[in-house]
Amino acid sequence: MSFETVVEQYRPLIFYIIRKLHIRRHVDEYVQIGLIALWEAYERYDETKGSFCTFAFKMIRWRIVSQLRKETKHEYVPLPDDYVRKEDVDFLSDMFIRDALSYLSPREQIWLVRHVIEGKTFKQIAAEEGVTVNAVKQWRMSAVKKLKPYVNCAADPCSNTRHRHRAVLRRENV
């Protein structure tokens with residue numbers, strides 16, 4: 001089979017991978033990277049080791065992810081904790097903190113107060129509470145999930161969605 005035929009057949013796979021990785025900028029660049037990876041897969045493929053489709057998929061995806069990592073190495077990429085940072089808590093009033101705490105379970109409140117406000121590590125919190133570090137991470141994930149819409153609407157106090165988010169959060173806690 002010629003490479004042109006392979007390109008025709010696997011070009012949709014490149015676009016599929018780009019969509020799955022939520023790439024919106026420089027799509028043409030990533031298509032080129034995918035085509036180069038497809039060429040390498042075409043050249044290096046060994047029939048005795050499995051299907052070409054699987055091999056090509058892995059090569060293309062790996063190459064595109066590798067390029068994404070290079071490009072975002074020095075770029076700020078928000079992490080889940082960035083939704084509730086200490087600077088944000090300092091900026092927001094005590095009323096916001098009391099209001100936010102009312103949406104959280106007792107363990108999630110422990111995470112918010114000790115990690116975000118007091119600056120303790122997961123390991124320190126786990127030792128104090130007599131639980132595993134993974135348990136504290138679960139508290140964080142759950143708290144961030146609950147607070148994300150609240151913090152997003154608090155950042156824009158003019159937004160009419162603020163009251164809708166509060167109503168949704170209250171319904172979730174009922």
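User: How much space lies in the largest pocket?

Analyst: This is a predicted model, where local features need pLDDT of at least 70, side-chain atom pairs count only at pLDDT 80 or more, and totals for chains, interfaces and linings use all residues. Residues are numbered from 1 along each chain as its sequence is written, and side-chain values use heavy atoms, leaving out hydrogens and water. A pocket is an open set of points on a 1 Å grid where a 1.4 Å probe fits, with protein on both sides within 12 Å along at least five of seven lines. For the largest pocket, the space is about 380 Å³.

User: Which residues are closest to the centre of the largest pocket?

Analyst: The lining (residues with an atom within 4 Å of a point) has 5 nonpolar, 3 polar and 5 charged residues. Helix H3 (residues 52–72) supplies the largest share of it, 5 residues. Of the 13 lining residues, the closest to the centre are Ile23, Tyr30, Leu68, Glu71 and Thr72.

User: How are the rings of phenylalanine 3 and tryptophan 39 arranged?

Analyst: Aromatic rings pair if their centres lie within 6.5 Å, with planes under 30 degrees apart counted as stacked, over 60 as edge-to-face and the rest as tilted. The whole structure has 6 aromatic pairs. In this one, the centres are 4.8 Å apart and the planes stand at 90 degrees, so the pair of phenylalanine 3 and tryptophan 39 is edge-to-face.

Technical notes
Grid points are joined across faces, edges and corners, and a volume is the space filled by probe spheres set on the points. Helices (H or I, at least four residues) and strands (E, at least two) are DSSP runs, numbered from the N terminus. Ala, Val, Leu, Ile, Met, Phe, Trp, Tyr, Cys and Pro count as nonpolar, Asp, Glu, Lys and Arg as charged, and the others, Gly among them, as polar.
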